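Subject: Structure handover

Hello,

Here is the structure I promised to pass on. Please open it alongside this email. My notes follow below.

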Amino acid sequence: MPLSRGHLLLCPRAHRPKLTDTTRRESRALGHHVRVLSAALAAATGVHDWNVVQNNGAAAAQVVPHVHYHVIPRPEIRASGRVSESFTMFGRGQRAELDDDEAAALAAGIRAEVARVLADDEGDGEDEIGRKAKL
């Protein structure tokens with residue numbers, strides 16, 4: 001159950017139980033993709049505040065033993081007049097499941113924004129330390 005509309009999960013293909021089990025290359029790629037997905041999600045949903053959550057181990061609320069990041073849009077609920085509502089960091093979210101048509105439209109919008117962000121990145125040419133960026 002998503003905590004909000006657009007709640008995404010990012011995880012590597014290789015099985016890694018915790019963030020510290022990823023390689024340097026994998027961790028850099030994950031960081032890059034968290035940024036890309038954050039920008040794409042904000043553009044696709046129109047929600048420009050979000051959480052990035054990553055848990056490591058059962059005591060830290062990690063339920064699935066595979067490293068993953070949650071990117072969770074946080075719409076401004078006070079502006080909507082729903083001041084009695086609040087978001088929880090863990091547990092059931094504030095939103096019912098998406099219907100198939102709504103989910104397909106949202107996924108298409110996020111994919112289009114990911115493509116735009118990646119194209120913008122290509123135009124930058126260099127990363128923060130002056131080497132050619134490799135995606």
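First, a term: contact means heavy atoms within 4.5 Å. Leaving aside neighbours within four places in sequence, V114 is in contact with V36, L37 and A40.

Some ground rules. The model is predicted, so local features need pLDDT of at least 70 and side-chain atom pairs count only at pLDDT 80 or more, while totals for chains, interfaces and linings use all residues. Residues are numbered from 1 along each chain as its sequence is written, and side-chain values use heavy atoms, with hydrogens and water left out.

**The core**

V114 also belongs to the largest nonpolar core. Such a core is a set of buried Ala, Val, Leu, Ile, Met, Phe, Trp, Tyr and Cys residues joined through side-chain atoms within 4.5 Å. Buried means under 20% relative accessible area, exposed over 50%, and partly exposed in between (1.4 Å probe, protein chains only). This core has 14 residues, and L8, L10, L37, L41, Y69, I110 and V114 touch the most other members. Strand 1, helix 1, strand 3 (69–73) and helix 2 each give two or more residues to it. Helix 1 provides the largest share, six residues. Helices (H or I, at least four residues) and strands (E, at least two) are DSSP runs, numbered from the N terminus.

**The salt bridges**

How many salt bridges does the structure hold? There are five. The term means a side-chain nitrogen of Lys or Arg within 4 Å of a carboxyl oxygen of Asp or Glu.

E102 and R5 form one of them, at 3.6 Å from N to O. E102 lies in helix 2 (residues 100–124) and R5 in the segment before strand 1 (8–10), so the pair ties together parts that are 97 residues apart in sequence. E102 is partly exposed, at 29% relative accessible area. R5 is partly exposed too, at 32%.

D121 pairs with R35, and their closest N and O atoms are 2.6 Å apart. D121 is buried at 15% relative accessibility, whereas R35 is partly exposed at 41%.

E26 forms a salt bridge with R16, with the closest N and O atoms 2.9 Å apart. E26 sits in helix 1 (residues 24–45) and R16 in the loop between strand 1 and helix 1, ten residues apart. Is E26 buried or exposed? E26 counts as buried, at 18%. R16 is partly exposed, at 22%.

Finally, E113, R116 and D120 are linked in a network of salt bridges.

Best wishes
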